[in-house]
Amino acid sequence: MKANCWQGRESLAVEEVPDPKIMNSRDAVVRVTSSAICGSDLHLFHGYIPSMKKGDVLGHEFMGEVVEIGPDVHNLRIGDRVVVPFPIACGNCAACQSGLYSVCENSNPNAGVAERLFGHAPGGIYGYSHMLGGYAGGQAEYARVPFADIGPIKVEDDLPDEKVLLLSDVFPTGYMGAEMCGIKGGEVIAVWGAGAVGLLAMRSAYLLGAERVIAIDRFPYRLRMAREQAGAEPLNYEEVDVIETLREMTGGRGPDACIDAVGMEGHHSSAVLHGYDRAKQSVRLETDRPHALREAIMSCRNGGTVSIIGAYGGFVDKFPIGSLMNRSLTVRTGQCHVQRYTRMLLDRIRRGEIDPSFVITHRLRLEDAPIGYEMFRQKQDDCTKVVLKL
Amino acid sequence: MRGTPMEVPDGTGRRLLPRSLGLLSLGLGAAAIGAPSQVGRLIGVDDSMIARTTVLPGIGARELLSAVGLLVGRHPSGWVWTRVAGDAMDLAALANAMRDRQGRRRQRLGATLAVVAGITAVDVLAGVLSTRAAGARRRAVRASATVTINRSADEVYRFWRDFENLPRFMYHLESVRSDGDGRSHWTVKGPAGRRVEWDAEVVEDHLSEMISWRSVRGARVPNAGRVRFARAAGGRGTEVRVELAYAPPGGAVGRAVAKLFGEEPEQQIRDDLRRFKQVMETGEVVRSDGSPAGTSTRQQVLQTPARPRAARLPR
Ligand SMILES: NC(=O)c1ccc[n+]([C@@H]2O[C@H](COP(=O)([O-])OP(=O)(O)OC[C@H]3O[C@@H](n4cnc5c(N)ncnc54)[C@H](O)[C@@H]3O)[C@@H](O)[C@H]2O)c1
Ligand SMILES: [Zn+2]
Ligand SMILES: [Zn+2]
């Protein structure tokens, strides 16, 4: 089959690789029909996630048709149409049973490596480094899906791929980002990053009862999307001082909760500050560039919540712990526990409450995956979300 | 959960020889002190006043001291070597005594000399053996690890108690066969088809709480293990703590054996327990493209790329 393979930093190739097989009795093999490129894939592409190997198949946001099932999968049949959550989770461990699927205790065979970097190991993720399991990803014609009896969600009606595909990752991720803000009604929520994750966090914040949502980014086309599609008040960090402006916009209080939907490759409007973190990151003195996170903490109102859904990989500098501590802030974060949200969000899509496909801007063939990555990372042609169609 | 440190059993009956020698010393010492005249006559030095009143009781005292060390001391190997030193003194004294004696006394001294030389040979052998055993105990490798399993202590205990299940998650084991009566036969598979096998016996067995076992006499690689099961706080299943110890022989064989048992025993047990948890909670060892045989931190550098493989699955 064909698969999009990591070749090294900033190098990809669509190659011929063997077809996946059933390896465990609770596996399924899925013929992929749609596979998205996620902001997390850019971190891999840029080489900021350790333990990648030349030849790794990328992709963790995909759906398709079941073509093979292992002997212990009883809830699926050949031909079923399924969306596959990006965290691989067993459903049996204490973490899974308390809904913390992305920190499943059994799905990462390389947990020993992750422990060295993180202290304890998170679960496995498709196409997301060897430290997170060494699983082949879904930017391929076929994908092996472990624990197929608990992860994939069946889509029985005729909803098109695009409406349900993002249930695999960015929609639940954005939703969880908003949920972690502890919205009760009437809150002001600020979201750093108007990519697919940020945009869906904005929409979800409204779904959960927020009164105002503020979007922070620098790309006018993304800020326009935030305003038009997600009802957010746009704020271009290259034009204004973010902390000052947020203070101004909220009567001096600061937003009730701040969502970091940017992650480890944040950009800073001050060339000097951006250069400082970039230089440190490139020689690995610092693994992440936490511009948005620093700002989110400094901006948040006293006693408010900082929700981190942008992905980080290691260590950061100049972390404003004093602001966090002295002002009674709460930090909540995590790789999304997708399995916890899929059913509920699918129902919301069915009821027409939301259609997450508004973030999709580009549709390409699998063969063109490398072009898709290039466009997405350069934010060319108003690119926000690329879907590979098979 | 921690208890007394686990003893690594001796491979052979290496303590038996020092014990016998201890008894011999006891007998000799008692005779030399209690009946120096008779002993003097027996060995052919009854014509010497000094031998009867000073030398023999002195030797007796030395023998008694060795006996105490050999029989109740913690490090019999050292005391065996004091016996060897004593033997050397005795041989020198006997040779000296023979030089100025004739006739029956000379014959008796000759016989005594032969007997003492024989004993010396046995003492040297015992010394070598017990020094080696002490070395093996010093080299003993111990490792432990712990994991929490989302199952009751009862279930986890029952699975472990059937030792034939162990190779499902302890990858260095090729097989374990239960022979009944708490006995079992273990086989470890090594590179180039080399195998190490031994018999083991259950030492302690407390329902749903702990099991300990050890290799029986004669094992090439004496080893022991203990597993404890305790309810995790807040009803979060069972905390399992495993301790393993083994005493590899010295030299090249020892290094080969150490490889079989894993170069990083601590890491290996941790991996064993990860796989044990997977088996108990999900039903089998979880595989990925990069780790097709399942968890093995030792294999990390050998990870194949995360892409499907053409080849058949490793075990
Ligand atoms: N937690 C999870 O489970 C999870 C799941 C999916 C994605 N993610 C992460 O979410 C993040 C966003 O993903 P995406 O697909 O939307 O990526 P994206 O690259 O499309 O969006 C990132 C956006 O952040 C903006 N940005 C950069 N620096 C900024 C700054 N200082 N202030 C404000 N905005 C800034 C960029 O201009 C860009 O529009 C990534 O880090 C990704 O890894 C996390
Ligand atoms: Zn993602
Ligand atoms: Zn789990």
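# Exercises on a predicted two-chain model

The contact between the chains draws 33 residues from chain B and 41 residues from chain A, where contact means heavy atoms within 4.5 Å. This is a predicted model, in which local features need pLDDT of at least 70 and side-chain atom pairs count only at pLDDT 80 or more, while totals for chains, interfaces and linings use all residues. Residues are numbered from 1 along each chain as its sequence is written, chains are lettered from A and ligands numbered from 1 in the order in which they are written, and side-chain values use heavy atoms, with hydrogens and water left out.

## Exercise 1: the interface

Task: Describe the area buried between chain B and chain A, and the residues of chain B that lose the most area.

Solution. Begin with the area itself: about 2800 Å² is buried between chain B and chain A, and carbon and sulfur atoms give 47% of this. Buried area here is the accessible area (1.4 Å probe) that two parts lose on being put together, summed over both. Next, look at the side of chain B, where Ala306(B), Arg307(B) and Pro308(B) lose the most area to chain A, together 21% of what that side buries.

Then turn to the pairs that cross the interface. The rule finds 3 salt bridges between chain B and chain A, a salt bridge being a side-chain nitrogen of Lys or Arg within 4 Å of a carboxyl oxygen of Asp or Glu. Arg307(B) forms a salt bridge with Glu15(A), with the closest N and O atoms 2.4 Å apart. Arg274(B) and Glu115(A) also meet in a salt bridge through their side chains (2.5 Å, N to O). Arg274(B) lies in helix α8 (residues 265–282) of chain B and Glu115(A) in helix α3 (residues 111–118) of chain A, so this pair joins two chains. Helices (H or I, at least four residues) and strands (E, at least two) are DSSP runs, numbered from the N terminus.

## Exercise 2: two residues in their surroundings

Task: Is Ser129(A) buried or exposed, and what does its side chain meet?

Solution. Ser129(A) lies in the loop between β7 (124–125) and β8 (142–145) of chain A, and with a relative accessible area of 3% Ser129(A) is buried. Its side chain is joined to that of Ser51(A) by a polar contact of 3.5 Å, and a polar atom of the Ser129(A) side chain lies 3.4 Å from the backbone nitrogen of Leu132(A). A polar contact is a pair of N or O atoms within 3.5 Å; within protein, one must be able to donate a hydrogen and the other to accept it, and residues adjacent in sequence count only if both atoms are side-chain atoms.

Task: Place Arg52(B) in chain B and describe its surroundings.

Solution. Arg52(B) sits in helix α3 (residues 49–72) of chain B and is partly exposed, with a relative accessible area of 27%. Leaving aside neighbours within four places in sequence, Arg52(B) is in contact with Pro36(B), Ser37(B), Asp46(B) and Pro57(B). A polar atom of the Arg52(B) side chain lies 3.2 Å from the backbone oxygen of Asp46(B).

Definitions and conventions:
Buried means under 20% relative accessible area, exposed over 50%, partly exposed in between (1.4 Å probe, protein chains only).
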